Amino acid sequence: MKKLLYKEFKLCMHPLVFFFSLSALMFLIPSYVYLVACFFTGNAIFNSMQISNSNSDVLFTALLPISKREAVKSKYLFVAVIQLAMMLVFTAMIFVHHALLTDANKAGLDACPALLGGCFLVYSVFNATFLPFFYKNGYKAERAFLISTIAVFLFIFVFEGFFIAAGAAAGSVPFFAWIENNIDCWPGSSSSLLYQLLFIGAGLLIYFFITLLSYRRSCKLFDEVDI
Amino acid sequence: MNLLSVKSLRKQYPSFLLDDISFDLEPGCIMGFIGRNGAGKTTTMKAMLNLIKRDGGSVFVDGMDFFENESECKQKIGFIMGEFNCYMRSKLKTIADVTKRFYKEWDDSAYKGYLEKFSLDENKKIRELSAGMRVKFALALALSHNAKLLILDEPTSGLDPVSRNELLDVLRSLVEDGTRSVLFSTHIISDLEKCADFIGYIKNGKLFDFTDTESFRNKFMLVSGEQEHLESLKTHLISYKENAFGFSGLIKAEDAGLFSDCRTAPADLESIMVYVEQEEEK
């Protein structure tokens, strides 16, 4: 596993990965659709895949003493490490946001711990689409990214739309009021904190299982690909 | 035990069929894989290494089923496909540093030795190397992990005659101790004359012949004669060319008696391939 990751970071990582990590600064915008920041992680991964393609990475990797399945694993590990590293940056930025800004977010879910659960869900959508579509042929990264971008923005639209609706209808719908008081806010009580941690946990679990399913699907698809 | 055993390898494309490719390669041998462009040489090599999904057949490396033990078998194989065109902006030492981590028997001193032998500067980037130097770098990587089987697809194409000779010397010295083998495809047939023990000739996706180089050569003879003899002997010629003095062509050695009025000479590999391929077009 170590050598696979070493190969990915040494030969395949695009420098834009660092640049796009600055997207976490979006968390400091007073009112914003914060989940959009996750899209830029996908963009950085796409750039790395593109550069890998132009460097015949698929062929080089296939010739190493590993199976095709391990070649796919190599990419999934690379993607997961970048995404999990970004989750740490996002976590830090949520605290910075809380220290600097106090207004509620009118454009979606607040920059609160629950947002991390949302980020896991966005990454799940990205992993469920981008990588299997890429491994369908092993080189059409642009097409895979277009499909994943549509899926990610559709998800963000629905997810953030839900929290905008919750904010607007909190006064009349008790469920939305509960959401506003426990999820879409900085946790003011231990129960609210617990709900938000559960939300993060659920996001993490979904991320884990979706990525695992996506990996299995990609292995199956890549097995059929002629390099 | 054979170092490489390919049995009934098959790959079907919509417009091409690689069919029933079978051959064995013993340790200590160099096998030249010949055939014209598109005959199926690269497809065979790729199917052997699971780079393309085969539709049938099996491959054994050092007695192990390749498709059941892919990683382990690949440890024993050095494979190059022409020049090294990966990671153009990376330095040679970076690529070697990554590659060596995957091989249990990576030999750093052998690698350094090949760098020196091929005059490669490991601080250079791939894109700074000429096509020939890229082939040499691919070779250095393929030769540095103590591979028992080298599979080389067109390794000599981008090399100048001196470098080609150097490479052939390296290949010969590698198989000398009788533990390693080389399978290499080329259309520079003169390279095979110098070093191949066996010839695998692939034609239209089928193995036309697989035998030791001497026997392969001895199966054919070159013939040249006057125009007046051509008409009666035409049917016994594999193929021929007419010229101002008469004709020249290729015959099966067993038919040599029929050509007593003509001049005959031993056939070289290149002539055999050219005439055999012409037979198809005839």
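**Exercise 1. What volume does the largest cavity have?**

Before starting, note that this is a predicted model, where local features need pLDDT of at least 70, side-chain atom pairs count only at pLDDT 80 or more, and totals for chains, interfaces and linings use all residues. Residues are numbered from 1 along each chain as its sequence is written, chains are lettered from A and ligands numbered from 1 in the order in which they are written, and side-chain values use heavy atoms, with hydrogens and water left out.

Step 1: get the idea. Rolling a probe the size of a water molecule over the atoms shows where empty space is left. Here a cavity is a set of points, on a 1 Å grid over the protein atoms alone, where a 1.4 Å probe fits but cannot get out; a pocket is an open set with protein on both sides within 12 Å along at least five of seven lines; lining residues have an atom within 4 Å of a point. Grid points are joined across faces, edges and corners, and a volume is the space filled by probe spheres set on the points.

Step 2: read off the value. The largest cavity comes to about 60 Å³, and there are four cavities of 30 Å³ or more.

Step 3: The lining consists of A:K7, A:E8, A:D57, A:V58, A:T61, A:A71, A:K75, A:Y135 and A:F222. Two or more residues each come from α1 (2-12), α4 and α5 of chain A, and α4(A) gives the most, with three. (Helices, H or I with at least four residues, and strands, E with at least two, are DSSP runs numbered from the N terminus.)

Step 4: sort by class. The lining of the largest cavity splits into four nonpolar, one polar and four charged residues. Ala, Val, Leu, Ile, Met, Phe, Trp, Tyr, Cys and Pro count as nonpolar, Asp, Glu, Lys and Arg as charged, and the others, Gly among them, as polar.

**Exercise 2. Which residues line the second largest cavity?**

Step 1: list them. They are A:L63, B:L49, B:K74, B:I77 and B:F79.

**Exercise 3. Describe the two largest pockets.**

Step 1: take the largest pocket. It holds about 330 Å³ of space. Of its 21 lining residues, A:F60, A:L63, B:F79, B:I80 and B:F84 lie nearest the centre. Elements giving two or more residues are α4 (57-63) of chain A plus β6 (77-81) and α5 (131-143) of chain B. The top contributor is β6(B), with five residues. By class, you get 14 nonpolar, six polar and one charged.

Step 2: move to the second largest pocket, at about 230 Å³. Its lining includes A:K73, A:Y76, A:L204 and A:Y215. Both α5 (68-100) and α9 (190-223) of chain A supply at least two residues, with α9(A) giving the most, six.

**Exercise 4. How many residues of chain B are in contact with chain A?**

Step 1: count contacts. With contact meaning heavy atoms within 4.5 Å, 27 residues of chain B meet 26 of chain A.

Step 2: get the area. Buried area is the accessible area (1.4 Å probe) that two parts lose on being put together, summed over both. For chain B and chain A it is about 2,400 Å², 63% of it on carbon and sulfur atoms.

Step 3: find the charge pairs. A salt bridge is a side-chain nitrogen of Lys or Arg within 4 Å of a carboxyl oxygen of Asp or Glu. The structure holds 24 salt bridges over all chains, and three are between chain B and chain A. In one pair, B:K11 and A:D226, the closest N and O atoms are 3.0 Å apart. That pair runs from strand β1 of chain B to the segment after α9 of chain A. For B:K53 and A:E224, also a salt bridge, the closest N and O atoms are 3.7 Å apart.
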